[in-house]
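The stops below go from one region to the next, each with something to select.

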Amino acid sequence: MCEKCRGKFYITTPIYYPSAKLHIGHSYCTVATDTMARYKRLQGYDVMFLTGTDEHGQKIEDKAKEAGVTPQQFVDNIVLGEGGVKDLWKLMNISYDRFIRTTDDYHVAAIQKIFKKMYENGDIYKGTYKGKYCKPCESFWTESQLKDGKCPDCGGEVQDAEEEAYFFRLSKYAQRVRDLLVNTDFLEPRSRVNEMVNNFIDPGLEDLCVSRTSFTWGVPVDFDPGHVVYVWIDALFNYMTALGFENDKYDDLDKFWPADVHFVGKEIVRFHSIIWPAMLMSLNLPLPKKVYGHGWLLLDGGKMSKSKGNVVDPYLLAQRFGVDALRFFLLRSFPFGSDGNFSNELLISTINTDLANDLGNLVSRTVAMAQKYFGEHLPKEQREDEEKDAELISMASSLRNRYEEQMEKYAFQNALAEVFKVISRANKYIDENAPWVLAKSEEQKPRLARVLYNLLETVRICGGLLSPFMPDTAAEIGKRLGGAAMDWDSLARWGLLNPEVAPVAGAPLFPRIDMEKELAALEEIRASAAAPAVEEDPLPEPKEQITFDAFEKVEMTVVKVLTCEKVKKSDKLLKFTLDDGTGTPRQILSGIAKYYEPQELLGKTLVAVTNLAPRKMMGQESQGMLLSAERGDKLNLVMLDDKVPAGSRLV
């Protein structure tokens, strides 16, 4: 191990179901995980940060069928397409080290080996499942576990289910798992332990269904055709297969396992704190050191959900307020272990108070005064005033230790509170020392120089500790301090900034937002997206008449949408891969991105002019034209009944 490396740190988010509509709640856990990963890197740890997507199951199979595409095409478009999972993580500046998909070949092969090992050691056996099943949650429940006859997780309807299945002997490990939860710090916050023990273990832990025969989209059980491995084994073991467990793709298992912490939402704490350790016990594998179950972001008192129509678009929020401001808000406003009520008012208020008034104002005023009173750099001659400087210096120089204490407990909100106590004290320090008064006297210039130095040094320490939360903002603060040191060791030491520092001015880090105007603009956007058009647009002008012979030359073919995605650097174009009945996919680019989301067109039956000469659009070839109806400035694709086969000709 290198001298500066403090050790290894492995942190994970859950692997997410690839939803066609991502909301800010999806970002919450991953932003927190990214912040912890960046914090550990700042400390000097060798970090592995894993995220990914859970892509198997009945939900995916059904949605792909509805869209008229294969399950693989469906998940590929959502995970890799524009606006998909990977795009959202890029937008939110997520610095993951590895991204796993449960459809990855190496993972599939590893899961088959894991399933067989558990079968051979007697912990998996064949039986018949009969009970209640929640399709959205992909969870099996007993009658006693239902809440008012509905799924206890999502509150949705459950259905009777009966099929041949394999079961994992979860009951065999009930006491060992109970001891783990009750007698160690394996699961936090502690409130989650009582929930798991009282609601699931003590009432009697039943064996777990771990294969399905009613659908096919999953990892095949290679020794029993017709069965596919169910989500518990497939999804949970990603944390180890992504390191090389039972595969040759990676070779990091000995280095990083056991995981230091799994960050998970409270709705899947049961899977991670009961089922996951039991399966590891079955294979005599080391357990992760900790599972941390965070709360939900709530909207209007309920969990954010596409099905409830209350999603909040992270792309819109990031575009209007900035990614760093959004990241900061998520971890500043809510205790990580508890639920938090999201509102646009709270978001704007947090930005204005903490980022514009406090942090932004401190940086802007300090740099502006340094340049105004001293030009390019501070003078070397500076005069301290122990009585006036002591409190700020003490708070800033000891900040890193207080911040570290909170970060080690995953108390992000408290760590930020410690930083902003110092920022608030620095703003008060400006008023107490009145640099504008000191500047009037040549005799006071050395004192003025020390006041500004103390402020700049405080900004350096605070900016460095904010870097895990707001990496771009911290980098900009570093530039404004002339490239000052902001590594971990330097953040615990006062006075490392060059006394003759040459600060660099710039635009306000966080301009203040007009609350009333911004809320009105957001409401207008929401209303326009939700409300149907009420005004009739004028009909298009008729075009020049053509002969019947000319019309007969136009070849109009029925096509099915296989894939659809936005064309990069274009606000207008969507790129389609189409089944035109020939057996060779056809690519067509169409200027309808303003009117459709790519996901909603998957599997649709459209009409294309297929004998147009190919042409280049944004550097890509378009092999025809899709027919659409025009009214005013609106376009609607011509869609046919899905029963019409691809390759049919319009006559």
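Select Glu 246 to begin: this residue is buried, at a relative accessible area of 18% (buried is under 20% relative accessible area, exposed over 50%, partly exposed in between; 1.4 Å probe, protein chains only). The model is predicted: local features need pLDDT of at least 70 and side-chain atom pairs count only at pLDDT 80 or more, while totals for chains, interfaces and linings use all residues. Residues are numbered from 1 along each chain as its sequence is written, and side-chain values use heavy atoms, with hydrogens and water left out.

Glu 246 sits in the loop between helix H9 (238-241) and helix H10 (253-256). Helices (H or I, at least four residues) and strands (E, at least two) are DSSP runs, numbered from the N terminus. Leaving aside neighbours within four places in sequence, Glu 246 is in contact (heavy atoms within 4.5 Å) with Ala 110, Lys 113, Ile 114 and Lys 117.

Next, select Phe 412. Among the residues of the largest nonpolar core, which has 96, those with the most contacts inside it are Met 36, Phe 263, Leu 359, Tyr 403, Phe 412 and Val 419. Such a core is a set of buried Ala, Val, Leu, Ile, Met, Phe, Trp, Tyr and Cys residues joined through side-chain atoms within 4.5 Å. Helix H14 (residues 344-374) supplies the largest share of this core, twelve residues. Beyond its neighbours within four places in sequence, Phe 412 is in contact with Ala 32, Thr 35, Met 36, Phe 263, Leu 331, Phe 336, Met 407 and Phe 469. Apart from this core lies another, of 76 residues, including Leu 146, Phe 168, Val 269 and Leu 280.

Phe 168 leads on to a sheet: its bridge partner in E8 is Leu 208. Two bridges join strand E6 (residues 159-168) to E8, and the two run antiparallel; strands pair if DSSP finds at least two bridges between them. The open sheet has four strands in the order E5-E4-E6-E8, with antiparallel pairing. Strand E5 (139-141) and strand E8 (208-209) are at the edges, each with a single partner strand, so one side of each lacks a neighbour in the sheet.

Now show the cysteines. How many disulfides does the structure hold? There are zero, a disulfide being a pair of cysteine sulfur atoms within 2.5 Å. For Cys 134, the nearest cysteine sulfur is that of Cys 151, 3.6 Å away. Cys 134 is buried, with a relative accessible area of 0%. For Cys 209, the nearest cysteine sulfur is that of Cys 134, 14 Å away; Cys 209 is buried too, at 3% relative accessibility.

Finish at Met 618, in the loop between strand E21 (615-617) and strand E22 (620-622). Met 618 is partly exposed, at 47% relative accessibility. Its C-alpha atom is separated by 8.9 Å from that of Leu 573, 45 residues apart along the chain.
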